[in-house]
Amino acid sequence: MGAWYGSKATTGLSQAIVGLMRPHDTYIETHLGGGAIMKRKPPALRSIGIDLNARSIGTFCCDFEVELVHGCCHRFLADYPFEGSELVYSDPAYLMSTRKSQRRYRYRYGDADHEALPCSVMISGYPSALYDRILEDWHSVSVRVMNQAGAVTEKIWLNFTPDRPHWHACAGRNFTDRRRIKSKAASWARRYRAMPPGERLAVLAAVMAVEAE
């Protein structure tokens, strides 16, 4: 089966989205579709995928356990007992005014549906005046990627400050920045490995003290 329309499977976009995620115990992905982000992020203690499309739920498979919900994400999130350790990622159908293709989603999603989305989420899609207006106090990141429509700009809106990546492998603003960070980390690891045991402990204690601040 090919990629779902609107899929975030491209490496440049999926890594950017995962790299912005804050630490969490429960991960909830609405508008699951093919589940590109769910499949590309490390598993949380609890993972939940929601979609109104029965085909998405029936064909979805993953390397770890995911609770699948066939139904309305708004209703599910309204009834969910949030405790503060959850992260919701929402990838709704692109707004009609921003779509690059005439292809249709099985279930349409209009501007009114977008405005009804819960606020405790990460949202991705094409740049839009609607999101910039109703999410004006949110952080946003633009990512240039290649997809079925060619080279396009995707935008990610977040209601939290993306200053603490959950997974080191995805740290960085883009491919070049991620490669720079990986190279620096490998260099520091070599230097750390060459230190005497006592010096290692001193350096590790200093790093952990900074992280605890």
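**Aromatic pairs and what surrounds them**

Guide: A search of the whole structure finds 2 aromatic pairs, where rings of Phe, Tyr and Trp (its six-membered ring) pair if their centres lie within 6.5 Å, and planes under 30 degrees apart count as stacked, over 60 as edge-to-face and the rest as tilted. Residues are numbered from 1 along each chain as its sequence is written, and side-chain values use heavy atoms, with hydrogens and water left out.

Visitor: How is the pair of Tyr80 and Phe82 described?

Guide: A pair of aromatic rings is described by the distance of the centres and the angle of the planes. The centres of the rings of Tyr80 and Phe82 are 4.8 Å apart and their planes stand at 65 degrees, so this pair is edge-to-face. Phe76, Tyr80 and Phe82 together form one aromatic cluster.

Visitor: Where is Phe82 placed in the chain, and with which residues is it in contact?

Guide: Helices (H or I, at least four residues) and strands (E, at least two) are DSSP runs, numbered from the N terminus. Phe82 belongs to the loop between helix H4 (73-79) and E4. Contact means heavy atoms within 4.5 Å, and, once neighbours within four places in sequence are left aside, Phe82 is in contact with Ile28, Leu77 and Val88. Thr26 is 56 residues away from Phe82 along the chain, yet their C-alpha atoms are separated by 9.6 Å.

Visitor: Why is strand E4 described as largely enclosed?

Guide: In strand E4 (residues 86-90), 5 of the 5 residues are buried, so the strand is largely enclosed by the rest of the structure. In a regular strand the side chains alternate between the two faces of the sheet. Here Glu86, Val88 and Ser90 point one way from E4, while Leu87 and Tyr89 point the other way.

Visitor: Which strands pair with E4?

Guide: Two strands pair if DSSP finds at least two bridges between them. Strand E1 (residues 26-30) runs parallel to E4 and is joined to it by 5 bridges, with Glu29 standing opposite Tyr89 in E4. Strand E5 (residues 121-125) also pairs with E4 in the parallel sense, over 3 bridges, and there Ser90 stands opposite Ile123.

Visitor: What does the side chain of His24 reach?

Guide: A polar contact is a pair of N or O atoms within 3.5 Å; within protein, one must be able to donate a hydrogen and the other to accept it, and residues adjacent in sequence count only if both atoms are side-chain atoms. His24, in the loop between helix H1 (11-20) and E1, is buried at 7% relative accessibility. Its side chain reaches the backbone oxygen of Arg22 at 2.8 Å, and a polar contact of 3.3 Å joins the side chains of His24 and Lys41.

Visitor: Over which ring does the charged end of Lys41 sit?

Guide: A charge sits over a ring if NZ of Lys or CZ of Arg is within 6 Å of the ring centre and within 35 degrees of the ring normal. The charged end of Lys41 sits over the ring of Tyr27, 4.1 Å from its centre, and Arg22 lies over the face of Phe160, at 5.9 Å from the ring centre.

Visitor: Which elements have the lowest and the highest mean pLDDT?

Guide: The term pLDDT is the predictor's confidence in each residue, from 0 to 100. The chain averages a pLDDT of 78, and 76% of the residues score at least 70. Among its elements, helix H5 (residues 111-115) has the lowest mean pLDDT (46) and strand E3 (residues 67-70) the highest (96). Over residues 94-117 the pLDDT is below 50. Where pLDDT is low, the predicted coordinates should not be read in detail.

Definitions and conventions
Predicted model: local features only at pLDDT ≥ 70, side-chain atom pairs only at ≥ 80, totals over all residues. Buried < 20%, exposed > 50% of the residue type's maximum accessible area, 1.4 Å probe, protein only.
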